[in-house]
Amino acid sequence: QVQLVESGGGLVQAGGSLRLSCAASGRTFNINAMGWLRQAPGKEREFIAAIDWRRGWTYYVETVKGRFTISRDSANNTVYLQMNSLKPEDTAVYYCAAGSRWYAPAPSDFGSWGQGTQVTVSS
């Protein structure tokens, strides 16, 4: 099992930036892909970004493409989500996940989940 701990959430004004971090531990040698999901109040959980762990190839949903950047530090088993030009609609709990599919993944492709970190964007 992979253990994941997110950090870096907080309250930011619209147009601002936040950088989320996710530290992985445990069975990290089994990681094929890592990604970020979010769930806004009253909304379904949405996969927004993923990265192939070995090659660093990335995937983004259209909603965040050009504003968010996913990256990794393989040596430290850490994945990041740099969020720029934040909008109020980005307000959500953000989750880090580890799994098997990096390209256009579904939540079911990822078997290990963090506890989430709250991101609140004020207008």
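Author: A quick note on the ground rules: residues are numbered from 1 along each chain as its sequence is written. This is a predicted model, where local features need pLDDT of at least 70, side-chain atom pairs count only at pLDDT 80 or more, and totals for chains, interfaces and linings use all residues, while side-chain values use heavy atoms, with hydrogens and water left out.

Reader: What makes Cys22 and Cys96 a disulfide?

Author: The label asks for a pair of cysteine sulfur atoms within 2.5 Å. The sulfur atoms of Cys22 and Cys96 are 2.1 Å apart, so they qualify. The structure holds 1 disulfide.

Reader: Are Cys22 and Cys96 buried or exposed?

Author: Cys22 is buried, and so is Cys96. Buried means under 20% relative accessible area, exposed over 50%, and partly exposed in between, using a 1.4 Å probe and protein chains only.

Reader: How do you know that E3 and strand E8 pair?

Author: Two strands pair if DSSP finds at least two bridges between them. E3 and E8 (residues 78–83) have 6 bridges in the antiparallel sense, so they pass. Ala23, for example, stands opposite Thr78 in E8.

Reader: What is the strand order in the open sheet?

Author: Its 4 strands run in the order E1-E3-E8-E7, with antiparallel pairing. The edge strands are E1 (2–7) and E7 (68–73), each pairing on one side only.

Reader: Why is the pair of Tyr59 and Tyr103 called edge-to-face?

Author: Rings of Phe, Tyr and Trp (its six-membered ring) pair if their centres lie within 6.5 Å; planes under 30 degrees apart count as stacked, over 60 as edge-to-face and the rest as tilted. For Tyr59 and Tyr103 the centres are 5.5 Å apart and the planes sit at 65 degrees, so the pair is edge-to-face. Trp102 and Tyr103 get that label too, because their centres are 5.6 Å apart and their planes are at 70 degrees.

Reader: Which residues do ring pairs link into a cluster?

Author: Trp57, Tyr59, Trp102 and Tyr103.

Note on methods:
Helix = DSSP H or I, 4+ residues; strand = E, 2+ residues; numbered from the N terminus.
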